[in-house]
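Here is a short report on one structure. Look at the model first, then read on.

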Amino acid sequence: LAGLMDLRRAIKLDNNNISYKEYLLFFYDLPEPLLDADEAIKVAQEIIKYNPTSEVALHILEHNKRNLN
C-alpha cells in the first residue's frame with residue numbers, strides 16, 4: 001500500500017512519466033487489486049496515446065473490453 005501511495009505521489013509530480021503510469025497498472029493486475037477497473041482503464045488509455053505498443057496497457061484494455069464505452 002505504501003508503494004502505491006508513493007507511486008501516486010510520483011505521478012502527481014511528473015504526470016507525463018509514462019513508466020510511472022505503466023507501473024501503476026500492476027496494482028490492478030493483482031489477485032486482490034488495489035486499483036479499480038475504471039481507473040486502470042483510464043490510465044491504460046492515457047498510456048496508449050503516448051505508447052501504442054505498451055504491453056501492460058494493451059493487456060488491461062483487452063482484459064476489460066466489456067467495460068469500455
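In which helix do Arg-9 and Asp-6 lie, and how many residues apart? Both belong to helix α1, three residues apart, about one turn of the helix. This is a predicted model. Arg-9 forms a salt bridge with Asp-6, and the closest N and O atoms are 3.3 Å apart. Side chains of opposite charge can pair when their charged atoms come close. A search of the whole structure finds four salt bridges.

Helix α2 covers residues 18-25 and helix α3 covers residues 37-50. Their axes come within 10 Å and cross at roughly 145 degrees. The crossing of α2 and α3 is left-handed. From α2, the contact is made by Ile-18, Lys-21, Glu-22, Leu-24 and Leu-25. From α3, it is made by Glu-39, Ala-40, Val-43, Ala-44, Glu-46, Ile-47 and Tyr-50.

The largest pocket holds about 150 Å³ of space. Its lining consists of Arg-8, Ile-11, Lys-12, Asn-15, Lys-21, Leu-24, Glu-39, Lys-42, Val-43 and Glu-46. Helices α1 (2-13), α2 and α3 each supply at least two residues of this lining. Helix α3 gives the most, with four residues.

The table shows how the residues of the contact and of the lining divide.

Conventions: Residues numbered from 1 in each chain as written. Predicted model: local features only at pLDDT ≥ 70, side-chain atom pairs only at ≥ 80, totals over all residues. Heavy atoms only, no water. Axes fitted to C-alpha atoms, helices over the stretch in contact; angles between N-to-C directions. Left-handed = near helix turned anticlockwise from the far one by under 90°. Contact = heavy atoms within 4.5 Å. 1 Å grid on protein atoms, 1.4 Å probe; cavity = no way out; pocket = protein on both sides within 12 Å on 5 of 7 lines; lining within 4 Å. Points joined across faces, edges and corners; volume = space filled by probe spheres on them. Salt bridge = Lys/Arg side-chain N within 4 Å of Asp/Glu carboxyl O.
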